[in-house]
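Welcome! Take a look at it first, and then read on.

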Amino acid sequence: MRKTLGRLSGRLPVFIVTGRGLGDITRLIGLDNIGYAGSHGFEIEGPLGTFVDKDRGAEYLGALDAAERELRSAAEGIEGAIVERKRYGVSLHYRLVKPSEVPALERAFDRAACDHPGLRKTYGKMVLELRPDLEWGKGDAVLSIMGRLNAGGSNIVPLFIGDDLTDEDAFRALEGRGIGIVVSDHPRPTAASYMLSDVAEVQVLLERLIVAFDSEGAAGSWSLTYGYYEPDKEQLREALCTLGNGYMATRGSAPESTAGDEHYPGTYIAGIYNRLESEVRGRVIENESNVNLPNWSYLSFRPEGGEWLDLGKVSIERYRQELDMRNGVLVREVRFTDRQGRTTTLRDRRLVSMVTPNLAALELTITPENWSGKMTVRTAVDGNVGNTLVARYRELNNRHLDILGSGTDGQETVWLEVETNQSKVRVTEAARTRVFAPEGTFVRRSQLEESGLVGQDIEIGAAQGRPLRVEKVAAIRSSRDRAISDTLTASLDLLAHSGDFESLLQDHSHRWGVRWSRYGFEVDPGHLWISQILNLHIFHLLENTSLHSIDLDVGIAPRGLAGEAYRGLIMWDELFIFPFLNLHGPDLTRSLLLYRYRRLQMARWAAREQGYQGALFPWMSGSDGRERAQTVHLNPLSGRWIPDNTRLEQHVSLAIAYNVWQYYQVTGDLSFMSLYGTELLCEIARFWVSRCQYDEARGRYVILKIMGPDEFHEGYPGTEEAGVDNNAYTNVMVSWTLHRALEALRELPLQHHRDIRTELRLEDQELDRWKDIADRLYVPFHGDGIMSQFEGYDNLKELDLEKYRERYCTLHRMDRILEAEGDSIRNYRMSKQADALMLLYLFSEDELREHLGRMGYGWSPEAVRRTIEYYSKRTAHGSTLSRVVFAWVLSRYNREGSWNHFLDALRSDVSDIQCGTTHEGIHLGAMASTVDIVQRCYSGLETRGDALLFDPRLPTELKRLKFRIEYRRHLVEVEIDRERMHLFSRTGGVEPISIGYRGRMFVLEPGGELEVLLDREEIS
């Protein structure tokens, strides 16, 4: 059973809820990766200390001490009587006591209970117990744990298995929201839903649960599969099953679907933005969005006299949808019976070409099972679309397209031409639809033209048992494309030279195979689910960034091209995405960094408009690089529009500086640094120098009225003024950036060094000021060496989350909850996401302490740990990025301690743990970071000092890693297990590279091999 629980905990959160004391149960079970709730839930500790709750009922400890003494005195001389003391309970066991002596024990127990009215009597199997008289029991403990795990959403089903009378409290608490299973060898009154007879049956159930979990949604590590149709989860699946190629992407909506509550077809081209004005709260605001383009994929059918296909109106007998990640294909198979009793089997396949970026294709095979007769297939390109996916944006203007024209080109092709109504980007979608049927089959086409829609109705004679195949190939061209005259001609030409679905699929699948050979990962083969989700995350990265995006002027959006959250704008999430790309496709990183460089002039203007020097990059960037962050946003809980100050998150420029430097560390690309990178660093440095003020009292520089990554704290309590002072993350990163700008200048070849200093008018006096500020920036600390998130954070009130847990699906947006209840998150020590701890995500602990030392601050390992524990208790994880940061940070002093946060990060999108955000678009930063945790965190990989450094400490659950990276023009294969690390260079004709492991340095020659034995005592 213990081994089974350990295996299960690698897949699901597992907690032991028991009447035993916490220390007793943790010693008895001995598993680190599960949580424990001892003393009937008065003592709760998350897996590996991820959270601790031991203070409840502390005022009752004195009464429990006295009751314990009385009961021990009464039990003396009675053979078999056992008094057991737990921190929050005193138990009197009488299982081994003679029946004639039990009444005396019961009377003594009753006296002790009367003597201490603050204690409550409870009963179990042959045991009496006194506990604090609080409204708290196993049920409350289970609900509290669910809240801690943010598992209160409808997509999570808690399962509680118990055999004791006290477990009934948990069964009752889960009624209507979970599953209770009582273990008993005879029927008994219970609130549980199911019954097992003994522990052996529990073991079988848990083993089957492990098998089911590994197979749920997966036909292997290369497939995301759904075996049933769930209308309320369709939009979630559409986001997860998005297909793209770096140039464009199409959500995985059913071909017959249209936008509504259940479905949302969406097609997006990277970098096509449009601005619209909307009236909100009596004023006009402007928003820019990545535009939802006409729906090219519409393809439906109906039997004669029947309805157009709608899975909500038929009886589904078999359903299977599979995202084939290895080949980049979405497949759906459905067998259904309509209201007239006609049974039909449907199979459709879809791709967005990884070979030809402007092509997408769809194949539909229809097999009448028990009927014959005419059917009509409808194919269309629908321009009646808006950006309406995100509910809270629907009050804003969302119609971005003007219809310019539509028509046909020959018998099989229709086209629709549109233009964005502000940015004037023209897009043409041309679609060719062919029918493949047995010879002699009746086929007749009629044109379909409505306002904003063009298509065909194709009448086909259908015969029972004879499949009909329809394929649709779409060419989509934009006026922003390269090598183009006009979009209509270009799309029709491309379509005329394109092959059929099967030929497109063959080339497309081959290209995906090439990409996987470079980007693929291997983990311990026992972790099928983990391998599957890592592959899914890499898949989304590869379809959002590819060779097709290198020549485009585009950034990478937090939600990729899978939806409309954040309106498709570019934010700081690239900080979490680039580390993976640097080591696999540095050319992609380079092109994405150029998106920032091309907007450097706009950033300079933005800085000057606010009275600063250098370059101020926007928190949200779209087409031209001006600030696109909202000034107000809608709280969906209160229905109120409230001020939005996130444009004060000027730390986005520090993320750009970090990304520039990390790219350089991996590639050694001095050409990039000479032409672009160093100028970016220097202009960002200039902005922050002008942003700093000198504090005479402290003798240090300060940065006032700023926002860090934690978006809960837009200002101080009791004031409408925006911003906080001396955000620790910002100040340390500014110091680091100033040093990197100076270092970049030193490393440039002499002529480039002279050129950039001349062009930017950089004098020695200015550079000396940079260093002075870098070494004397103020960093706030409080308590026993705890780094303060910002100055005054420790003066805020603590927030009691318990009273909100039962009323809300999730607490990750406590700012919205409190605003809806007339309060403000500004008043409390509760962060939306990791803020100060971001420093431990970006830098190794040694590197960070060294840098703080340069700034004049000592920060001991003990203080680091206290800081981590402090914010672990005060972070709501309102961003999916937060769990990634905590997984990484915990691993710095206890690698295994990060595992549960890592699993939560893996589940973020596939389980939609934020209760309904993934359908708006996948979280690309969190996806990239989960892969990066495996790649860099658990391998201890760093790139600094012209060396590739490793310090592997695999979690207990991870036995082996294998991946391939690109470093300084070497293609390096890395294999790590618990005993050794193998490195293979698969490159010739380049310079050797330096490899470091815990202070030892090695040289890896091109084409060479290196094996390092790991220090066993430190990797368990």
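Let's start with a cysteine: Cys114 counts as exposed, because its relative accessibility is 63% (exposed means over 50% relative accessible area, buried under 20%, and partly exposed in between, with a 1.4 Å probe and protein chains only). Keep in mind that this is a predicted model, where local features need pLDDT of at least 70 and side-chain atom pairs count only at pLDDT 80 or more, while totals for chains, interfaces and linings use all residues. Residues are numbered from 1 along each chain as its sequence is written, and side-chain values use heavy atoms, leaving out hydrogens and water.

**Cysteines**

- The count of disulfides comes to 0, a disulfide being a pair of cysteine sulfur atoms within 2.5 Å.
- Cys682 is in no disulfide, and its nearest cysteine sulfur, that of Cys692, is 16 Å away.
- Cys682 is buried, because its relative accessible area is 0%.

**Salt bridges**

- Side chains of opposite charge can pair when their charged atoms come close.
- The structure holds 77 salt bridges, each being a side-chain nitrogen of Lys or Arg within 4 Å of a carboxyl oxygen of Asp or Glu.
- Arg320 and Glu322 meet in a salt bridge, at 3.0 Å from N to O. Arg320 is partly exposed at 30% relative accessible area, whereas Glu322 is buried at 17%.
- In the salt bridge of Arg776 with Asp772, the closest N and O atoms are 3.1 Å apart. Arg776 is partly exposed at 29%, and Asp772 is partly exposed at 28%.
- Asp932 and Arg936 pair at 2.7 Å, N to O, in a salt bridge. Both residues are buried and lie in helix 28 (residues 924-937), 4 residues apart, which is about one turn of the helix.
- A network of salt bridges links Arg275, Glu286, Glu288, Asp624, Arg626 and Arg628.

**A negative patch**

- Which residues form a negative surface patch? They are Asp232, Asp261, Glu262 and Asp310.
- Patches are made of residues with over 30% relative accessible area and no salt bridge, with like charges joined within 9 Å and nonpolar side chains (Val, Leu, Ile, Met, Phe, Trp, Tyr) within 5 Å.
- Asp232 sits in the loop between strand 12 (223-226) and helix 8 (234-240); helices (H or I, at least four residues) and strands (E, at least two) are DSSP runs, numbered from the N terminus.
- Asp232 is exposed, because its relative accessible area is 68%.

Note on methods: Areas by Shrake-Rupley, 256 points an atom, 1.4 Å probe, with all protein chains shown as cover. Lys, Arg positive; Asp, Glu negative; His and termini not counted. Charge placed at Lys NZ, Arg CZ, Asp CG, Glu CD.
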